Structures are given as C-alpha cells and as structure tokens.
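Good morning, and thank you for coming.

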Protein chains: 2
Amino acid sequence: MSEDRAPPRRAPTMRDVSRLAGVSPMTVSRTLADPGLVSPEARARVLAAVDRLGYVPDRGAGGLSSRRTGFVALIVPTLTNPNFADTAAGLTAAMRPRGYQPLIGVTGYSLAEEEVVLRAMLSRRPDAIVVSGMRHSPAARDLLARAGVPVVEIWDRPERPIDRAVGFSNYEAGRLAAQALIGLGATCIAGLGPERTGEVRDFRGEERLRGLRDGLRQAGLPDDLILHHGRAAGAFAHGAEAMAELLARGGAQAVFLVSDISAFGALMECRRRGLLVPRDVRILGFGDFEIGRQCVPRLSTIAVDPVGIGRRTGELLLRLLEGEAVAPAVVDLGFRLVLRESTG
Amino acid sequence: MSEDRAPPRRAPTMRDVSRLAGVSPMTVSRTLADPGLVSPEARARVLAAVDRLGYVPDRGAGGLSSRRTGFVALIVPTLTNPNFADTAAGLTAAMRPRGYQPLIGVTGYSLAEEEVVLRAMLSRRPDAIVVSGMRHSPAARDLLARAGVPVVEIWDRPERPIDRAVGFSNYEAGRLAAQALIGLGATCIAGLGPERTGEVRDFRGEERLRGLRDGLRQAGLPDDLILHHGRAAGAFAHGAEAMAELLARGGAQAVFLVSDISAFGALMECRRRGLLVPRDVRILGFGDFEIGRQCVPRLSTIAVDPVGIGRRTGELLLRLLEGEAVAPAVVDLGFRLVLRESTG
DNA sequence: GGGAAGCATGGTACCGATACCAGCGCAAGC
DNA sequence: GCTTGCGCTGGTATCGGTACCATGCTTCCC
C-alpha cells in the first residue's frame, strides 16, 4: 500500500516456498500439515523459507483439494443480543484451536432471511452447520438435511432434530417461570413477549410464553395477562412498551418476560412510573444476562449458559468431524431458576 | 442425515448442471455470473437445471480461479459489546447485496491475539480487511500493509493510516467530555477507564481519557481523579468497581466513563450506595448505547454511530473494489454530545 | 543374502470454478 | 460477394493446494 516497489506482488505460494527450501511442494505441504512426516532437516529448511517469504497458505485452495474447508457455519438471529454473541464466542473458543473458523450469518429473526443466509453459507462448503432454533422454512430444513455435513440446532430442544441439537426446552423454561412465580405467592401472573405476527418472530420466546400459559392453566390460574407486544428485535423498548400496556390493564402481581433485556426495559418502565419492584410488581426475566446481575434491583431470571451452548456444540462437532460416533442426538443443557431481588 | 439412500452424495457441480441443461460448463458459469451474456433459451435451461439439482456454486473454487473470494475480513475486540456487533451489522448490510461476506475475527482486546486472528483471515484471501483501531503489533501492521488488498481501520482516526480509516478521534471525544462537564459547572471531574497494563488493553478508551486529561489541564482543573481500574472486557463490572474506588476517594462532582456500559455499572453502584444521579454525582458515558437510552436516569453520552461506521466502511470498500479512485484516506464521522438526565 | 517393511520424498492427477481465446453463425455495410 | 463485427458458445489452461501412488534407500529379520 505505502510504497509500490513491484506490481501488486502476488502472495507467495507453496511452490515459491518449495523452491527456496530446495524441496518439492509436497514436502512443504506435509511440513505444514503434519511435521512429523518430514525429516528434521527438510522441516527446518521449509520453515525458514516460510518465514522468510511470509508465506500464508491459501486455505481456499487447500479446501478445494481436501474437501475440508475448516469453516463452521453459525446462523443466529442477531449478534446485538449478547447471548448469541456469547454462544459465538464459546463455539469459536472450542473450535479455533483445531483450525476451524466460524462463518457467522445473521437472520434478524426472519426465516426467509435464514434461508438466504444459509444458501450463502452453503456456497462456502462448511464442514459443519450450527443453526439457532428448531423452526426453519421447509426449504431451509431440506437444505440442512441434504447438506452432507453435521448440523446442530442450538438454543432449543427439538422433538425431531434435523441431525443434532444442543440447548434446552424453552417450553419447560416457561413452565418453570410459572411455577416460580406461583411459588412466590402470586396469583395474577402476566407474561410479556414480542408480537407473533409477520415475518420477524422470536419462536423461542413464544415457546417460553406457551410454557408459562400451560403452567398457569395447570395451576388453575388465569392466563389472560399474557401479552404479545412490540418487535422481537428491539428488546429493550419491547419490554418497556409491553410493560406499559400491562400496567394500563392493571392487576398483575408478577410478570415473566422472555428475556432479561426486555425485563430490564420493563423494570425501567416501572421506575419511570414510580412503581417499586418487587413491592408493587415482581419481575422475572430469562437468560441471566450481565445486565440483570448489574441493575438495581438485580433481576431474578431463568439462567441458561450461552457460552456453554457454544462450547458444547464445538466439542460435539470436533468429535463428529473426527469420525467418532457420538451418542445422544440431543444434548439438553437445561436451565435453572436464579432468584435475586426483582421477585422479592 | 435422516435417511441414507445413497453414499454421502457429493454436492452437484457446475458440470452436473451443464450436462443436465445440455450446455457447456462455461455457459452455466456465465448464466450465474452475468445472465445477459447468455441467450434466453440457454439461460432458462440452465436455471431449470440449477433448480432441479439444488445446485449451489462453490465459491471457494470460484475464488481460487478468479482471485476474488468475496470475503471481507472484519477484526474487532469483541462482539459482546453491542457497538461492534452493530458495526458488523452495518458492514454486512452494505456489502452483502453485492455478494461480499464478512469473516469476523475477535481479538479480546489483545494485540497478540489480533495478529493470530489476522493470519487466520489472510489464509482466506479476503478481498478487503477491516480492523478496529489504529494500534497494532509491528508484525500485524506489516501484514496489513503487504496484504495487497484495501485495509480500513475503524473506530479511530489515525494520523498515519495503513491505508484507509473510517471513524473519529477518541482523543477529541475525551476533550469534548471535559468541556461538557466543565460547561455544566463541575470543577472536580473524574475519568474512569480500564487498566493500562498487560496484554489486554482498550487503547481507544485510553485515548478518550487522555483527551479528558488534556481538556481538564487546559482549563486549569486537576486531573488526579482519572483512574484506571478493572479489565476492559467486563465493562459492567469495571464501571461499578471503578466507581466504588472513586467514591472511596471522594470529591468528584462529575464522572466521565469510557463507555455507556461501564457508565451504567457506575450508575448502579451509585444507586446501591444511595447516591442520587445527577444530584450527588453527574455521569457522562460514551457511545450512545441502547442501555443508556433505557435506564433511569437516562445517560448523557457522547454519541457515535456504530452502524454508520460499518455502513460507510462497506460503501467505501465497494467503491474501492470496483476500482474507483476514492478521495480521502480518512473519513471522520465525528461524534456529538447528547445531554440527557444523568448530568442534570 | 534376499525379501519385506518402513521412512522420506517426489510426481501426477485432480478438487470446481473462471479467464482467456477461438470459433461458429448471422446481419450489416461497402 | 466478401469483409467486418457482434452475439453466443465451447475448449483449454490455470488458480494453489492435497490425495494418492510410486520410488529410492535403509534397516531388519529369517
């Protein structure tokens, strides 16, 4: 960039290294892939040449030949939500030491977009595919099933996984929310989640509310305070707006929100209206995000392990990719209730 | 995955499509790359064959041949911080419609790690490289300069850019913070940022504090309340801990924190101690994160445009990649002071 | 001593696309 | 009528690696 001594000087290739080291390209390839196959002298010469030329192997070319690209496709609704960012970090941490590189695709909670993104990923021939959720368009499901590589659905516990799954039951988490709030003595229990219409939907959040509803019904409690309001994407505002709507209706003693982000929004809405949490209304979130641990009052929540989902998925994939037969198709990492201040 | 009718059935290739359509592979290639070059009849047959076979081109192979991979490397400190996730989203939105795919690398605020990640990216032969910040290890700087593709440094305004830059001056943002707090009548002004030791450092945050310090000095105010405490990575906790330390020392009327996340942590620490913001202490954050707009009191902040940085970078790269001569090497998107409730 | 086995190395044929050039048929222009 | 040019098509070489097989040499063992 700075000085142009030569024309856009092509990056050195393995052939250049081999010439400089006085060996064949194959020996260079072996030195880099499995040094043990090469004599110490040749190895030293090759490594010196690599260093001298600043050679960086072209993994695209390598992948074409070996049919292993080293890519792991990871498809999530958003990265703005820290739990998916954490999952990405966990997956990366588990797989990068073995040379795999995540290829991240973002769907914006849209199944149509998921399909587009998936196609883009498939054109890179990933060695494995990780996709959030168990709801996909029929075409996407078909593409995944025929991809010919391991597929892991995460953040869910599908009845009929495409291949593998690592996550937990969002439905059961919602039922636990009902039990928890009932156990605290509440009888008028609300649930707040995003809209269930249009292209952009948070299916996992909906599952949690479905679990909540069934939990309430089984306890003989009314379920008419389960509201769907606002867009999944803007979680803070969604929580605040949904809470405003709920307060307008009145009567709720305790509220479950489908994420800690929206629970925080709801908490702030209460504060703006001068309502005290948990005295006037109890709030239970979901996910155990950092924000819930830091805010005042601290949020009670149903904790899951985003980093763990990524890490476990990575470990599972590493074993699958090395040809190990891995036993369970579905890994349930569960969740646990964490009671802090917002529920009293 | 579900049923294994045939052995791991290789994905169809362009040759398969060409046979089914009764044309040569070149015609298939042209149909997909630039349909205008192909007769309507041939095009129709090819597209039908593509559809029938579920053909997805192998961009790895295409890239090897055309020397354009369609990858854009994006190297950021973390994705957990929503501003970098937003930048990634902005870059993706700008470039994906033209077929480019971001390849995200995360450094965890470590320059050593940045170098490792950069090498991994280079092995994918990206068409362009976007890297956060202007501080890099000498080796990384060298790799970037010799990469032979456009390089954009973002979230900063380097004096001597490697190639291009899109961002703003963190130093000047810090000076603005000083002016803003002085303008509000404060004379004992503190600044809180993460540690400046070890491998993991937030250089941009340090720049902001340096700007604050100079701003205070120029106004003849003391700068002994500028503290570096806690790790850059855990921003919430860092803010809370640094605030606790500051309160232990006492005397601050107003505090600038290097991010809204840590400002929020500080705000909560105040609440836990029964201090009222802004009555007892004024708080100014940085970044204009969603959390600052939602919390109570709402955070005053120095607003930057994370999505805009990504988008502008994408637009710049598209022009560069199409061979346009783009004028300024450094694009300064600036920042602006947003006064809300936390400064009174 | 001779053959088998093992190690280190090299040669060659791909992987699946695109760049490049050549060639075909047909219409327009002189 | 013949050249010129254009639109469309196909053949071939190549991108930069790795898989696979073949080779030369050494060592070991019966």
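How are α1(A) and α2(A) oriented to each other, roughly parallel or roughly perpendicular? Before I answer, a word on conventions: this is a predicted model, in which local features need pLDDT of at least 70 and side-chain atom pairs count only at pLDDT 80 or more, while totals for chains, interfaces and linings use all residues. Residues are numbered from 1 along each chain as its sequence is written, and chains are lettered from A and ligands numbered from 1 in the order in which they are written.

Now to the answer. The axes of helix α1 (residues 14-21) of chain A and α2(A) cross at roughly 105° and come within 8 Å; α1(A) and α2(A) are therefore roughly perpendicular to each other. Axes here are lines fitted to C-alpha atoms, for helices over the stretch in contact, with angles running from 0 to 180 degrees between N-to-C directions. Angles under 35 degrees count as roughly parallel, over 145 as roughly antiparallel, 65 to 115 as roughly perpendicular, and the rest as oblique. Helices (H or I, at least four residues) and strands (E, at least two) are DSSP runs, numbered from the N terminus.

On the α1(A) side, the contact is made by Met14(A), Arg15(A), Val17(A), Ser18(A) and Ala21(A), and on the α2(A) side by Pro25(A), Thr27(A), Val28(A) and Ser29(A). Contact means C-beta atoms, placed from the backbone, within 7 Å. By class, five of these residues are nonpolar, three polar and one charged. In this scheme Ala, Val, Leu, Ile, Met, Phe, Trp, Tyr, Cys and Pro count as nonpolar, Asp, Glu, Lys and Arg as charged, and the others, Gly among them, as polar.

α2(A) has a further partner in helix α3 (residues 40-53) of chain A: their axes come within 10 Å and cross at roughly 90°. α2(A) and α3(A) are therefore roughly perpendicular to each other. Here Thr27(A), Val28(A) and Thr31(A) of α2(A) meet Ala42(A), Arg43(A), Val46(A) and Leu47(A) of α3(A). This contact has four nonpolar, two polar and one charged residues.

Let me turn to a pair in chain B. Helix α6 (residues 111-122) and helix α7 (residues 138-145) of chain B have axes that come within 9 Å and cross at roughly 25°, which makes α6(B) roughly parallel to α7(B). From α6(B), Glu114(B), Glu115(B), Leu118(B) and Leu122(B) meet Ala139(B), Ala140(B) and Leu143(B) of α7(B). Five of the contact residues are nonpolar, none polar and two charged.

Next, the two protein chains together. 49 residues of chain A are in contact with 48 residues of chain B. The largest share of the chain A side, six residues, comes from α5(A). That side has 27 nonpolar, eleven polar and eleven charged residues.

How are the two copies related? Chain A can be laid on chain B with an RMSD of 0.1 Å by a turn of 180° and a shift of 0.0 Å along the axis; the two copies are thus related as by a two-fold rotation axis. The superposition is by least squares on the C-alpha atoms of residues with pLDDT of at least 70 in both copies. In chain A, the C-alpha nearest the axis belongs to Gly60(A), 2.8 Å away. The same surface serves both copies, as 98% of the contact residues of chain A recur in chain B.

I come now to the DNA. DNA strand D is surrounded by 24 residues, the closest being Met14(A), Ser29(A), Gly62(A), Ser65(A) and Ala42(B); a residue counts as near if its C-beta atom, placed from the backbone, lies within 6 Å. α4(A) gives the most to this surface, with five residues. DNA strand C is likewise surrounded by 24 residues, the closest being Ser24(A), Thr13(B), Met14(B), Ser29(B) and Ser65(B). For DNA strand C, α4(B) gives the most, with five residues. The surface near DNA strand C has 13 nonpolar, nine polar and two charged residues.

Finally, the backbone. A cis peptide bond joins Val277(A) and Pro278(A), with omega about 10°, and Pro278(A) is placed in the loop between α11 and β9 (282-287) of chain A. In chain B, the peptide bond from Val277(B) to Pro278(B) is cis, with omega near 10°. Tyr109(A), in the loop between β2 and α6 of chain A, has phi near 65°, a positive value in a residue other than glycine.

Technical notes. Two residues are in contact if their C-beta atoms, placed from the backbone, lie within 7 Å.
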